[in-house]
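Subject: The structure, and some notes on it

Hello,

Here is the structure I promised to pass on. Have a look at it first, and then read on for the notes.

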Amino acid sequence: ACVAFLRSRSDALIVLDLQEEYIPGNQARILDLVASVDMFLPSEEEARRLAGREDWEDVARSFASLGPRVVAIKFAERGSLVYERATDSLTRVPARQTVVVDSTGAGDGFCGGFVATYLQNPMDLQRAARAGAVSAAIAISGYGNEALLGASPEAARRALDDPLGWLPISDSVST
């Protein structure tokens, strides 16, 4: 109902980031919701539970075929896979190296960095995903939200543009 309300009153970008606990027994309702958003950003586990398979390129395309123009599947330290429906393009993006203190908030950090950067330049999905990776790395480098609250925007931009510090893309993410 919230998405329908927003759609009827705004042209805002609507992004869906799930909680995996809500999926069991609600798959059909969630897929209906996926069909109504502009961007779907599930974790690996959420995508697996909804799709029932691990052919990640096919899973991303399948979610996008429901309606979202962008699907980004998050693989934690193994990076992300971003699919854009309009160009039928897949982009694998590495995770950013960091010392993990508390993994809480990594997915939310990724989504925040991804969407904020996407809104600046919707044509550069790789940069958006890299910004998501930087935000996730910052989020997990401290307890709770302390690392994000204390983060320097300048340091985050430097990390985004620094060619060093990116983890290798895992073969387990590819098909």
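A word on naming before anything else: helices here are DSSP runs of H or I with at least four residues, strands are runs of E with at least two, and both are numbered from the N terminus. Please also keep in mind that this is a predicted model.

With that naming in hand, let me begin at Ala136, which lies in helix α6. Is Ala136 buried or exposed? Its relative accessible area is 14%, and the cut-off for buried is under 20%, so Ala136 is buried. Setting aside residues up to four places away in sequence, Ala136 touches Ala106, Gly109 and Phe110. Asp108 is 28 residues from Ala136 in sequence, yet their C-alpha atoms are 7.4 Å apart in space.

That leads on to helix α5, which covers residues 106-120. Its 15 residues, at 1.5 Å a residue, should span 21 Å, and the C-alpha atoms at its ends are 22 Å apart, so the two values agree. Which residues of α5 are buried? They are Gly109, Phe110, Cys111, Gly113, Phe114, Val115, Thr117 and Tyr118. These buried residues pack against the strands β1 (15-16), β2 (39-40), β3 (70-74) and β4 (80-84), and also against helix α6 (125-139).

Next, a pair of helices. The axes of α3 (residues 44-51) and α4 (residues 56-66) come within 11 Å and cross at roughly 75°. Angles of 65 to 115 degrees count as roughly perpendicular, and α3 and α4 are therefore roughly perpendicular to each other. On the α3 side, the contact is made by Glu44, Ala47, Arg48, Leu50 and Ala51, while α4 brings Trp56, Val59 and Phe63. By type, the residues of this contact are six nonpolar, two charged and no polar.

Leu18 is found in the loop between β1 and α2, and with a relative accessible area of 9% it is buried. Glu57, by comparison, is 39 residues from Leu18 along the chain, and their C-alpha atoms are separated by 19 Å.

Where does Asp38 sit? Its place is in the loop between α2 (27-35) and β2. A polar atom of the Asp38 side chain lies 2.7 Å from the backbone nitrogen of Ile14. Apart from neighbours within four places in sequence, Asp38 is in contact with Arg7, Ala12, Leu13, Ile14, Pro68, Arg69 and Val70.

Ala76, in the loop between β3 and β4, has a positive phi of about 55° although it is not a glycine. Ala76 counts as exposed, at 59% relative accessibility. Asp88, in the loop between β4 and β5 (89-93), also has a positive phi, near 50°, and is a residue other than glycine. Asp88 is partly exposed, with a relative accessible area of 42%.

Happy to go through any of this with you.

Best wishes

Note on methods:
Residues numbered from 1 in each chain as written. Predicted model: local features only at pLDDT ≥ 70, side-chain atom pairs only at ≥ 80, totals over all residues. Heavy atoms only, no water. Expected span 1.5 Å × (residues − 1). Buried < 20%, exposed > 50% of the residue type's maximum accessible area, 1.4 Å probe, protein only. Contact = heavy atoms within 4.5 Å. Axes fitted to C-alpha atoms, helices over the stretch in contact; angles between N-to-C directions. Parallel < 35°, antiparallel > 145°, perpendicular 65-115°, else oblique. Nonpolar A, V, L, I, M, F, W, Y, C, P; charged D, E, K, R; others polar. Polar contact = N/O pair within 3.5 Å; in protein donor to acceptor, adjacent residues only side chain to side chain.
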